[in-house]
Amino acid sequence: MARIADDTDFEMLKCLVNSNEGWTLELSKANTEVWTRPVVGCDFHMVKINTLFDDITTDTLFDVLHDPDYRRVWDTHMLASEEIGIFNVNNDVGYYAMSCPPPLKPRDFVLMRSWLDTGPHGEQMLISRSVTHRDWPPRKGYVRATSHITGFLLRSQNGQCILSYVAHCDPQGALPPWLVNKVTHTLGPRMIKDLKKAALGYVEWKNSQTHFRKPWRYPEEIAVPRISLSEFKGIEDKPTENNVPCEDMISSTTKSAKESKKKKRLF
């Protein structure tokens, strides 16, 4: 059975963001850094992106990441998106299909999302992982990809937004791992560029809509059906660091994160 993300998962996300131990810096340009790291037991690397949006608030970016109506406007790679249902006001499941460069087949996902907003002076986080359901099998013409973790961490700093993104995905199919690992850190900045452009236009677009709905902020606006966690199965998690227990990794990465603050880096 699938499981809903808890405090440990959000702490893990913060640890992966805060610590650069075990990561390799692939790109540092302007306000953006791209890091990668190998994952034991998997051929595909994990990627981390840190960037600063000096003209976007965390609230706006959090809304952009959530808003399914707006995603149809700005996400040029999206082929299909459906809201399957919710478990509670902070956890839902959705279907997402995306295009790939020819001659590759498009990929699709069934994703469980969990989010946490710690307040106006805190952090906003969103974590998604692949799950399976008998009513949502792989669709004809698509390759069912796997997201072991996709996480966003938003932090406010003097009215600006610090965005950290962590992802570990397996595209499945016949793609060679070396190729996927090579292009991952080049595609990341493009995604960040698209996301920033979308965020800059979000407020104007939202204000022009007939229905000003934000169910991720106002639970009374939720319109999708409530579903049972027992209907879904989780994808076997990949280890994040040498099979070290989560609690031990949090302890070690928190220590290294404090040490890394002494070094001059963008984030």
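Trainee: Which residues is R144 in contact with, leaving aside its neighbours within four places in sequence?

Mentor: Contact means heavy atoms within 4.5 Å. By that criterion, R144 touches Y95, D108, F109, V110, W136, P137, P138, R139 and Q172, its neighbours within four places in sequence being left aside. This is a predicted model, in which local features need pLDDT of at least 70 and side-chain atom pairs count only at pLDDT 80 or more, while totals for chains, interfaces and linings use all residues. Residues are numbered from 1 along each chain as its sequence is written, and side-chain values use heavy atoms, with hydrogens and water left out.

Trainee: Is R144 buried or exposed?

Mentor: Buried means under 20% relative accessible area, exposed over 50%, and partly exposed in between (1.4 Å probe, protein chains only). R144 has 18% relative accessibility, so R144 counts as buried.

Trainee: How many disulfides does the structure hold?

Mentor: A disulfide is a covalent bond between the sulfur atoms of two cysteines. The criterion here is a pair of cysteine sulfur atoms within 2.5 Å. The structure holds 0 disulfides. For C42, the closest cysteine sulfur, in C169, is 9.9 Å away, which is too far for a bond.

Trainee: Is C42 buried or exposed?

Mentor: C42 counts as buried, at 14% relative accessibility. C161 is also buried, with a relative accessible area of 0%.
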